[in-house]
Amino acid sequence: MPDSPVLCVLGELVVDLLPVPGADAGPEGTAPHYVARPGGNALNVAVAAGRLGAPVRLMARLGTGPLAPHLRRHAELSGVDGAGFVDATEPVSLAVVGLAPDGSPDYGFHVLGAADWQWTEEELLRVLPTRPGILHVGSISSWTAPGADAIAGVVERLHAGGSTLISVDPNVRPMLAEGPVGRMLGNTASVVHARLDRLVAQADVVKVSAEDLAWLEDPSDLDDAARRWADRGPALILLTDGAAPLRVARPGRPVLHRGPPVVTVADTVGAGDSLAAGLLTGLLQSGVTSRTALEALSDEQVLALVDDAALVAAINCTRVGADPPTRAELDAARSAR
């Protein structure tokens, strides 16, 4: 890694089993066709940032099984630094994905005892780079024991140091946060809320979806929710709502709205992860790696970064699965607008 601030992405690796478009279920109607694709919030964010040219280290526990080497290779092919991988003895997480007519995904998870939830503080500190300019955490690993406490501890340590921008994405998966499967992971709604509250209190940037908010607090007014989340401590809230305008909230300022690009959607798998990667890459490449630098940005500068991030997500949505664009593809799409 270069001797300059890098983007660190901390979280899980998941193999997504995606249905093959147009494939039938076989002669008996019982064998739908799937293709295995590398996925998971952290891997998607790191890959998207790497393709955009950011120096990025993925901090992830690489589990066992025949698909594990493909997860590592997928990251490396996108320029992601693999020094953050921890070789684990537990299995790789698996998600079986179903797609609604509008391309939105539904998930069935096979994650009990998986490698992603077993972080220790010693492991995290061993793979943390010398100069973490931005640390992005979130999704299942950030609110699932036993590793959630170790992750929160590192977040608090870096936040206290003041030289690393902290980014959080709750990325709630309700079936893993509560209910029968959640309970088998040790999760309940109150436990997950408390763990996310701990992270958000240390965050400088939070990307949260309307879908997440529907589980976290069931807001009736998304503008009001964005303002309230900005008042919880973060310097920047980016609230997504599918194809509806993005909401950008900063403490003490009016909520801003930005319409995402209109594209033909193949599916929305990895869209939020691509959006986060686009925003964090833009911040890093603008030299914004501290709370002070983030607060100094004008609304116009923030919206320019959000526009680029939204374009990254939009391009991803034109492709099957999490397949974010390269820097060259982003530049070409920007020029064509």
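In which loop is Asp218 found? In this predicted model, Asp218 sits in the loop between α9 (210-216) and α10.

Ser139 is not a glycine, and its phi is positive, near 65°. Ser139 belongs to helix α4. Is Ser139 buried or exposed? Ser139 has a relative accessible area of 2%, so it is buried, the limit being under 20%. The loop between α4 (139-142) and α5 (147-161) contains Pro146. The peptide bond that joins Ala145 and Pro146 is cis, with omega about 0°.

Ala226 counts as buried because its relative accessibility is 0%. Ala226 may also be used to compare sequence with space: Ala226 and Leu43 are 183 residues apart in sequence, and their C-alpha atoms are 27 Å apart in space.

Helix α2 (residues 68-77) shows how the residues of a helix may be arranged around its axis. Ala68, Leu71, His74 and Ala75 are buried in this helix. Seen down the axis of α2, these buried residues fall within an arc of 125°, and they therefore line one face of the helix. The other side of α2 carries the exposed residues Pro69, His70 and Leu77.

The strands may be considered next. Strand β2 (residues 14-19) pairs with two others. With strand β3 (residues 34-39), the pairing is antiparallel and extends over 6 bridges. Within this pairing, Gly39 in β3 is the bridge partner of Val14. With strand β6 (residues 93-99), β2 runs parallel, and 4 bridges join the two. Here Asp16 stands opposite Ala95 in β6.

Strand β12 likewise has two pairings. Strand β11 (residues 236-240) runs antiparallel to β12, and 3 bridges join them. The bridge partner of Ile237 in β12 is Ala249. The hairpin of β11 and β12 has 5 residues between the strands, and Gly242 in this hairpin takes a positive phi near 60°. β12 also runs antiparallel to strand β13 (residues 256-258), to which 3 bridges join it. In this pairing, Arg247 has His257 in β13 as its bridge partner. The hairpin of β12 and β13 has 6 residues between the strands, and there Gly252 takes a positive phi near 75°.

Which residues of strand β12 are buried on each side? Leu246 and Val248 are buried on one side, and Arg247 and Ala249 are buried on the other, so that both faces of β12 (residues 246-249) are covered.

Empty space within the model is the next topic. Rolling a probe the size of a water molecule over the atoms shows where empty space is left. The largest pocket holds about 1,300 Å³ of space. Its lining consists of 48 residues, of which Pro105, Glu211, Thr268, Ala271 and Gly272 lie nearest the centre of the pocket. By class, this lining has 25 nonpolar, 12 polar and 11 charged residues.

How many cavities of 30 Å³ or more are counted? The count is 1 cavity, and about 40 Å³ of space lies in the largest cavity. The residues that line it include Asn44, Val47, Ala48 and His74, together with Gly270, Asp273, Ser274, Ala322 and Pro324. The elements that give two or more residues to this lining are α1 (41-51) and α11 (271-285). The largest share, 3 residues, comes from α1. By class, the lining of the largest cavity has 4 nonpolar, 4 polar and 1 charged residues. His74, one of the lining residues, is also among the buried residues of α2.

The cysteines complete the account. A disulfide is a covalent bond between the sulfur atoms of two cysteines. In this model the count comes to 0 disulfides. Cys8 counts as buried because its relative accessibility is 0%. Cys317 has a relative accessible area of 9%, so it is buried as well.

Note on methods: Residues numbered from 1 in each chain as written. Predicted model: local features only at pLDDT ≥ 70, side-chain atom pairs only at ≥ 80, totals over all residues. Heavy atoms only, no water. 1 Å grid on protein atoms, 1.4 Å probe; cavity = no way out; pocket = protein on both sides within 12 Å on 5 of 7 lines; lining within 4 Å. Points joined across faces, edges and corners; volume = space filled by probe spheres on them. Nonpolar A, V, L, I, M, F, W, Y, C, P; charged D, E, K, R; others polar. Buried < 20%, exposed > 50% of the residue type's maximum accessible area, 1.4 Å probe, protein only. Pairing = 2+ DSSP bridges. Disulfide = S-S within 2.5 Å. Arc of directions from axis to C-beta.
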